[in-house]
Amino acid sequence: MKLTPMDDASKSSPALKAFSLLEIIAGMDHAPPLAELTDAARLPKPTLYRWLSMLEGADLIRRMPDGRHYELAARARALAFAILSNNSGWTQRHQILERVVRTLGESCNLTVLEGSEVMYLDRVEAAAPLRVAFQKGSRVPAHASASGKLFLAMMTPAKRDRLIGTLTLERHTANTLTDVDALRAELGRIRRDGYAFDDEEFLSGLFCVAVPIFDRDGRDCIAVLALQAPVVRVSRANAAERLPTLREAAEALAVTLQ
């Protein structure tokens with residue numbers, strides 16, 4: 001996302017000015033400090049303070065514990081989720097997921113990255129027995145999920161290093177990657193191969209394979225398509241068989257997100 005200073009239209013309306021500042025914060029890949037926001041918005045510090053206070057009071061942004069950096073708050077994330085979930089492409093995306101589930105016979109989900117977590121933008125459950133039911137809006141940790149590891153692997157090195165530095169590598173199962181070096185090595189393999197596995201790393205007995213969904217330029221991973229199944233049906237031994245169908249669907253999903 002290209003960051004631009006607030007334009008004349010924004011300056012003429014307090015609401016639009018506040019929205020433009022929110023847009024600048026949302027477009028950054030880290031929690032910016034006041035000095036960086038001053039440069040990006042090209043506003044005097046007193047004016048910037050006033051608009052930051054307005055957004056903070058509306059629960060759209062919040063200050064980090066150090067009191068100097070700002071990030072999106074719960075209300076802004078909920079708004080973003082509502083927009084992505086209910087725009088004109090939602091029906092088309094859901095139908096694509098349904099086709100993948102009918103073809104492969106396993107549950108599939110569409111995810112986006114939210115800070116250090118992966119959020120389920122949509123999900124279609126398979127009719128097969130022995131399935132784990134997640135809900136739309138569910139969140140899972142990035143380091144312990146195929147989707148999350150894929151997002152991390154596809155980032156620029158600088159952005160990935162910043163995000164890894166904020167992660168708490170909590171153990172969820174015996175297979176969870178809790179060592180930073182082991183996680184980095186795994187991300188290198190994922191970037192090379194173009195897909196990721198979750199081999200019982202978040203829930204015991206659950207296997208997941210995920211593929212990236214890129215923007216129109218084919219550079220940034222904007223979402224991830226993932227298949228989930230019990231390890232008795234899908235594992236490292238046969239997961240690659242699902243990749244052609246998943247990649248075809250990921251290309252179709254990319255069109256709906258542009």
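**Exercise 1. Find which residue of strand 7 stands opposite Asp199.**

Step 1. In strand 7, Phe207 is the residue opposite Asp199.

Step 2. A word on what you are looking at: this is a predicted model, where local features need pLDDT of at least 70, side-chain atom pairs count only at pLDDT 80 or more, and totals for chains, interfaces and linings use all residues. Residues are numbered from 1 along each chain as its sequence is written, and side-chain values use heavy atoms, with hydrogens and water left out.

Step 3. Strand 6 (residues 196–199) and strand 7 (residues 206–214) pair in the antiparallel sense over 4 bridges. Strands are DSSP runs of E with at least two residues, helices are runs of H or I with at least four, and both are numbered from the N terminus. Two strands pair if DSSP finds at least two bridges between them.

Step 4. The two strands form a hairpin with 6 residues between them, and Glu200 in the turn has a positive phi of about 55°.

**Exercise 2. Work out which way the side chains of strand 6 point.**

Step 1. Recall that side chains in a regular strand alternate between the two faces of the sheet.

Step 2. Ala196 and Asp198 point one way, while Phe197 and Asp199 point the other way.

Step 3. All of them are buried (under 20% relative accessible area, with exposed over 50% and partly exposed in between, using a 1.4 Å probe and protein chains only).

**Exercise 3. Describe how helix 7 and helix 9 cross.**

Step 1. The axes of helix 7 (residues 146–154) and helix 9 come within 8 Å and cross at roughly 80°. Axes are lines fitted to C-alpha atoms, for helices over the stretch in contact, and angles run from 0 to 180 degrees between N-to-C directions.

Step 2. Helix 7 and helix 9 are therefore roughly perpendicular (65 to 115 degrees; under 35 is roughly parallel, over 145 roughly antiparallel and the rest oblique).

Step 3. Contact means heavy atoms within 4.5 Å. Lys149, Leu150, Leu152, Ala153 and Met154 of helix 7 meet Leu183, Glu186, Leu187, Ile190 and Arg191 of helix 9.
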